[in-house]
Amino acid sequence: MNRRERLFHDLGVALSGVWPPSRIIEARSQRKMVKRGGVMSKNQCILKAPNALVQEGSHSTSPANRTSTAAHGTSTGKGGATSTSSSSSTSTSTKTTKGSSTTTTSTTAASAPSSSYTKKWDASGNDFFDDWTFWSQDDPTHGTVQFTTQQDAQNSNLIDIDDDGNAIMRVDTTGQISGGRKAIRIHSEQTFNGGLWVLDAMHMPTGCGTWPAFWTHGPNWPQDGEIDIVEGVNENTYNQMTLHTAPGCTVNPDAGGSGKLLGSVCGAAETGNAGCGIVDNNADSYGGGYNSNGGGVHVMLWADEGVSIWFFPRGSIPKDLTSEAPQPDNWGQPSAHFPSSTCSAYGFNRDHTTIFDTTFCGDWAAAAWGAAPNQGGQSCAEKTGVATCQEYVQNHGADFSEAYWKVKSVKVYQTS
């Protein structure tokens, strides 16, 4: 063997793991250099020893071991909705050759929720009140109330954004008044046909004489429908969810919600404006218990299948809601369900505005003044010793310190 032949022979022994030259070329092609800001990442391939081509921080240079950007990618779902998807898997294989063995491990990113919904509206933080119009007209429900303008509400310290970015909506607590007690009613500037409404609130108005609500309705009532998401009176602790519609809408007791159905006919004219109500079975879904627990999240889904409403107490809110990737199919049975099979969601509802309000007495709270709350116990007449709701509201302003909303956010999602 001459000198040149011995030189190539020795080189072949030294690089026996990547010999002949064609395997050196193949090995080089596998060295994917990934740069971040001009610096090699930990995933770059380096030649550690003559006998093994490895990745720093890994066990193999096979394609299965490289982290794929597709595992963290963003894709466009139904109706242009943005969804994020990923997968998680690990595989290990061992290949044994004469005098050596190689183990390869494949790992991709951890799984994350995906959603077909995109956020269309977000009222939260310091700009919360920018998205609403203040209603200062007479109360259609005949309450002992004076709804204020935004300027008056600010001057009277009835609205505020606290240090944590929560929107506060109070009522006037002046001891005695001669007319209606000042309070807030706001209407969203945006209207929607279908979607997913998400209210995250930490506190709601409660107490004898109060009648707060969070709801949606169309421009012509009741022909364009009303959906009450949060509503109750006096010292109730179970939330009531109700539809008010044109004639022809009904709901059956076996419709699919977990709450208690109060009436099967939803038409306002057919029920003296009562509609078809469903009472939540969670004692912390409204009032004092709600506030003691730090509130929670109310969700209303208006879709082809019907109208569904869920309540999630603080501490039990699904992660897909907190991550703004809602997946209603994973939430289980709603508190209320009004199926389109007996009440078409789009046939009886259209162009809905979103509304917060706190009124006093009126058609419901005054009528229920002498009745026990929906969890049982003393009526407000018995508890206060005052004969009428109106008399109580006009003369006991200090008792309304708990009659305020504290709202983290209102969000609406749609699939297109």
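## Exercise 1: Salt bridges

Lysine 182 counts as partly exposed because its relative accessibility is 23%, where buried means under 20% relative accessible area, exposed over 50%, and partly exposed in between (1.4 Å probe, protein chains only). The model is predicted: local features need pLDDT of at least 70 and side-chain atom pairs pLDDT 80 or more, while totals for chains, interfaces and linings use all residues. Residues are numbered from 1 along each chain as its sequence is written, and side-chain values use heavy atoms, with hydrogens and water left out.

Task: Identify the salt-bridge partner of lysine 182 and describe where the two residues lie.

Solution. 

- Step 1. Apply the definition: a salt bridge is a side-chain nitrogen of Lys or Arg within 4 Å of a carboxyl oxygen of Asp or Glu.
- Step 2. The partner of lysine 182 is aspartate 152, with the closest N and O atoms 3.4 Å apart.
- Step 3. This pair links distant parts of the chain: lysine 182 is in strand β14 (residues 181–183) and aspartate 152 in helix α3 (residues 150–155), 30 residues apart. Helices (H or I, at least four residues) and strands (E, at least two) are DSSP runs, numbered from the N terminus.
- Step 4. Aspartate 152 is partly exposed, at 21% relative accessible area.

Task: Describe the salt bridge between arginine 170 and aspartate 160.

Solution. 

- Step 1. The side chains of arginine 170 and aspartate 160 meet at 3.8 Å, N to O.
- Step 2. Arginine 170 lies in the loop between β13 (167–169) and β14, and aspartate 160 in strand β12 (residues 159–161); the two are ten residues apart, and the pair links distant parts of the chain.
- Step 3. Arginine 170 is partly exposed at 26% relative accessibility, and aspartate 160 is partly exposed at 31%.
- Step 4. Salt bridges that share partners also join Lys119, Asp122, Glu324 and Lys411 into one network.

## Exercise 2: A buried charge

Task: State which side chain of opposite charge is nearest to aspartate 139, and what polar contact the aspartate 139 side chain makes.

Solution. 

- Step 1. Aspartate 139 is located in the loop between β10 (132–134) and β11 (145–147).
- Step 2. Aspartate 139 is buried and has no salt bridge; arginine 185, the nearest side chain of opposite charge, is 4.3 Å away. Lys and Arg count as positive, Asp and Glu as negative; His and the chain ends are not counted.
- Step 3. The side chain of aspartate 139 makes a polar contact with that of threonine 359, at 2.7 Å. A polar contact is a pair of N or O atoms within 3.5 Å; within protein, one must be able to donate a hydrogen and the other to accept it, and residues adjacent in sequence count only if both atoms are side-chain atoms.
- Step 4. Beyond neighbours within four places in sequence, aspartate 139 is in contact (heavy atoms within 4.5 Å) with Val145, Phe147, Arg185 and Thr359.

## Exercise 3: Confidence

Task: Locate the stretches where pLDDT is under 50.

Solution. 

- Step 1. pLDDT is the predictor's confidence in each residue, from 0 to 100. The protein's mean is 81, and 73% of its residues reach 70 or more.
- Step 2. Residues 2–9 stay under 50, with three contacts in the model beyond four places in sequence.
- Step 3. Residues 11–110 are also below 50, with 134 contacts beyond near neighbours in sequence.
- Step 4. Where pLDDT is low, the predicted coordinates should not be read in detail.
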